[in-house]
Amino acid sequence: MSDIVYLYGFVPGDTGTADLPAGVDERPVQGIAAAGVLALVSHLPAETYSANLLESRLEDLDWVAARGLAHERVVAWAVDHGEIVPAPLFTLFSSVDALRSDAEQRAAEIAATLERFRGLREWDVKLAYRADVLAQNAAAVSDAVRDLDQEIAAAAPGRRFLLARKRSELLKTEVAGAAHRVASQLFERLQAQAHAAVRLELPRTGAELPVVLSAALLVPRPDEAQIIATLDTERDELRPLGFELSFSGPWAAYRFMGAPPDAGDAPAHVVDGADE
């Protein structure tokens, strides 16, 4: 069986590729001319990556994750050196000719996407909160709690006891509500500084702390230092209230161009008879 061509993505035709990192299975990565751009590819053994064999390997999440890291290593290199239209994990072709044929059919789309994201990179932001700490600081983020605290302070001892019980009940819902309001306000501030921004679906499980904001920012390279400074400031100001703000980047503009899913959930994307 001949080798299968593994695609990482498309980069501008004038991209220098002398220092490309190793790719999946530590295979060399090369740039192949296709449709006026360069396709970053590796040649992988068909006995491992043909469609019928790959299907069973996808059940091994550690195996998939290792290849997802290698895939992202190549994409990250391209992000550092210019632009890339990243391919989904496990985008495979039966031959270079098959790859070029597919690229020719999508030449206008690929060129337009590279131009659209020229000079732009993605930064991902997540905001979570510690409910116990935020409850202690609820008056700083909730008008309802703040007003009730003022009422408690001015009340007679008997009424103060009843109001304190009311406050405890209020905190059960108001802490989470306040966290979501802070998240929306933060997103609006970040959106105003970014070229584009999108709120992402919140994780349903697996997060150590409740997450109230997951977002992606599309940022011009010259503005990245300012965005980082803003995020650092926001993180320092929000942490004493009980919030944990984290961010990462720069990435390819996955969330803005139809990104591949996370490595652990990635399906095979096999093109043109890679199992032959």
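Arg-235 and Asp-232 form a salt bridge with their closest N and O atoms 2.8 Å apart; the term denotes a side-chain nitrogen of Lys or Arg within 4 Å of a carboxyl oxygen of Asp or Glu. Both residues lie in helix α10, three residues apart, about one turn of the helix; helices (H or I, at least four residues) and strands (E, at least two) are DSSP runs, numbered from the N terminus. This is a predicted model, in which local features need pLDDT of at least 70 and side-chain atom pairs count only at pLDDT 80 or more, while totals for chains, interfaces and linings use all residues. Residues are numbered from 1 along each chain as its sequence is written, and side-chain values use heavy atoms, leaving out hydrogens and water.

By the salt-bridge rule the count comes to 13. One of them joins Arg-73 and Glu-26 at 3.5 Å, N to O. Arg-73 lies in helix α3 (residues 61–81) and Glu-26 in the loop between β1 (4–12) and β2 (30–34), so the pair ties together parts 47 residues apart in sequence. Glu-26 is exposed, at 57% relative accessible area, and Arg-73 is partly exposed at 34% (buried is under 20%, exposed over 50%, partly exposed in between; 1.4 Å probe, protein chains only).

Turning to nonpolar packing, the largest core has 30 residues, of which Leu-127, Leu-217 and Phe-243 touch the most other members. A nonpolar core is a set of buried Ala, Val, Leu, Ile, Met, Phe, Trp, Tyr and Cys residues joined through side-chain atoms within 4.5 Å. Its largest share, nine residues, comes from α9.
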